[in-house]
Amino acid sequence: MRKDRVTEALWGYAFIAPIALGLAIFYLWPVLQTAYFSFTEWGAFGGHTWSGLENYRRLVGDPEVGRALVNTIAYTVLGLIAIPLAILFAALLNRKMRGVGAYRTFFFLPVVTMPVAVAMVWRWLYNGDYGLINYVLSLVGIDGPNWIADPKTALYALVVIGVWSSIGYNLIIFLAGMQAIPAEYYEAASIDGAGPVRQFFRITLPLLSPTAFFVSVVSVIGSLQLFDLVFVITGSGAAARANPAYPRLQTVVQLFYDRAFVTNDRGYAAAVVMLLLLIIVVLTAIQFRLQRRWVHYA
Amino acid sequence: MRERLPRIVLHTVLVAASLVMVTPFVWQILTSLKTLSTATSVPPTLIPDGHWANYGRVFDLLPFGTQFLNTALMAVLRTLGQVLFCSMAAYAFARLRFPGRQVLFGVFLSVLMVPPQLFIIPQYQIMSSLGWLNSLPALIVPGLFSAFGVFLLRQFFLGLPPELEEAARIDGAGPLRIYWSIVLPLARPGLVALAVLVLLWSWNDLFWPLVVNTDPGKMTLSAGLASLQGQYQTDYPVLMAGSLLASVPVIAVFVFLQRQFIQGIAQTGIKG
């Protein structure tokens, strides 16, 4: 019996060995290294020396960091509009009717489309002179701006792309959540004379709130890491700085990319992602705090 | 909820929303078949002039075939690696008893919580010291492992009925045999869900490929396409053709495996 125990344990270690090794080398150790790098200064040829809190001191006074933070958080908060929209459309699609599959596919297409391609297509749609959006606006007499190059509209234009490409993903999760709600609740409510709107607010929404909480946590974490869309829209380096809307678009991860791989200021870049980690932890903690006010666990 | 909402209102709202979702793709396809002057005519012309040469231009501007192959190899090998390594570990965490199991699983989970940007600089250093920058292994190797897959499959394995495994054990089958001949076949839906998600994320991934492989012949499609943006940013018909070619393979996989994709996402609710 005892020998069986030992054999089982050895098999256990053997089964987890490959991934444990891979995670240790490529993920766990790197996190610690990044934390360490954030306290170092990098020379032109890749060597680094301990510089204490210097990177963090620079971080606090860096106007680019401030702008990137404001943009990233604004994008994240505005992007939460995708959640009520997804709940609305999930509610509309949560029934037996013709064409449900097709509608669901349409919503889901952008989710599986390469973000680089998505950003290119939207750049074209947003084009100030030849874009489809401004043409449609001109039909109703509106002279549209150069959306992604205009500091006043750029961030909102970016949020629209983000919502468009993530709504289908949220919708699928909400649909699964709605299908888990027992039909008897609705039947009982119908017998009591509650109409569809009342049922939606009294049954669907409360029972869906844990799902909504989960989706909002995941969306916030994802939005805070925004990179692909902005990278394609603004480019990097000198080309990016030529876009007048760049100060309203630059995100934290884009700043990380720039410092780590364009200017090779890797110690500072490490401090930038440590800041990102801090923001993610804080915003997630805030959401867990707030959930008591609106999430109903059955 | 059910019958009260008039069908006509319902479908009007859904058709309008579908138009918003689909129009960008339609416009992309139409533009990809226009000459530059047709694409930039004011007011815009709807009907393209069948200018297929834009697709040929994509192949002139980028080593598109090579980048396609790089992307496919990266996506497929990462997927195979994760399905194998994650399912092995998931089986151990779900079914085998060994000292330190809880702690190790906790450590794996902690990787899941860390934003991936924190791995990048040290991973880059490792690739650089191995001389792997601008090579296929750089695209593939770190992505062979993931904590997410272990987590997803462990949940799935825990939901499998243990009776078959018990019976096999009584018949003298060892853990390796049980894992390979019983658990894996039973867990097929879970494995497929993980595979389609990893395939999707790998194909569309930008940051890591962009950073490690800067030589156009070693780039993936996402990075190659992003590089076009800088140089040819006003030749929209060519950009539309390129972005269509790069994104269509995964869209095609999605259309075939739609049910698995949607199940995978509904089960895990986690996006890359």
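Author: Here is a tour that starts at the contact between the chains and then moves on to the core and the domains.

Bear in mind that this is a predicted model. For chain A, the mean pLDDT is 93, with 99% of the residues at 70 or more. Within that chain, helix α3 (residues 63-79) of chain A comes out highest in confidence, at a mean of 97, while helix α12 (residues 237-241) of chain A is lowest, at 79.

Now to the part you asked about. On one side of the contact there are 73 residues of chain A, and on the other there are 76 residues of chain B. Which element of chain A gives the most to that side? That would be helix α1 (residues 2-37) of chain A, which puts in 20 residues. As for what the chain A side is made of, you'll find 58 nonpolar residues there, along with 11 polar and four charged ones.

That helix also ties in with how chain A is divided up. The domain assignment gives domain 1 of chain A as 2-37 and domain 2 of chain A as 57-294. Their centres, taken over C-alpha atoms, are 35 Å apart.

Next, the core. The largest nonpolar core has 160 residues, and V272(A), A89(B) and V150(B) are the ones with the most contacts inside it. Helix α8 (residues 154-179) of chain A gives the most to this core, at 13 residues.

Where they touch, domain 1 of chain B brings nine residues and domain 2 of chain B brings seven. On the domain 1 side, α1 (7-32) and α2 (36-39) of chain B each supply at least two residues, with α1(B) giving the most, at four. That side of domain 1 of chain B, by class, has three nonpolar, five polar and one charged residues.

Conventions. Residues are numbered from 1 along each chain as its sequence is written. Chains are lettered from A and ligands numbered from 1 in the order in which they are written. This is a predicted model: local features need pLDDT of at least 70, side-chain atom pairs count only at pLDDT 80 or more; totals for chains, interfaces and linings use all residues. Two residues are in contact if their C-beta atoms, placed from the backbone, lie within 7 Å. Ala, Val, Leu, Ile, Met, Phe, Trp, Tyr, Cys and Pro count as nonpolar, Asp, Glu, Lys and Arg as charged, and the others, Gly among them, as polar. A nonpolar core is a set of buried Ala, Val, Leu, Ile, Met, Phe, Trp, Tyr and Cys residues joined through C-beta atoms within 7 Å. A residue is buried if 20 or more other C-beta atoms lie within 10 Å of its own, exposed if 12 or fewer, and partly exposed in between; C-beta atoms are placed from the backbone. pLDDT is the predictor's confidence in each residue, from 0 to 100. Domain bounds come from an automatic or database domain assignment.
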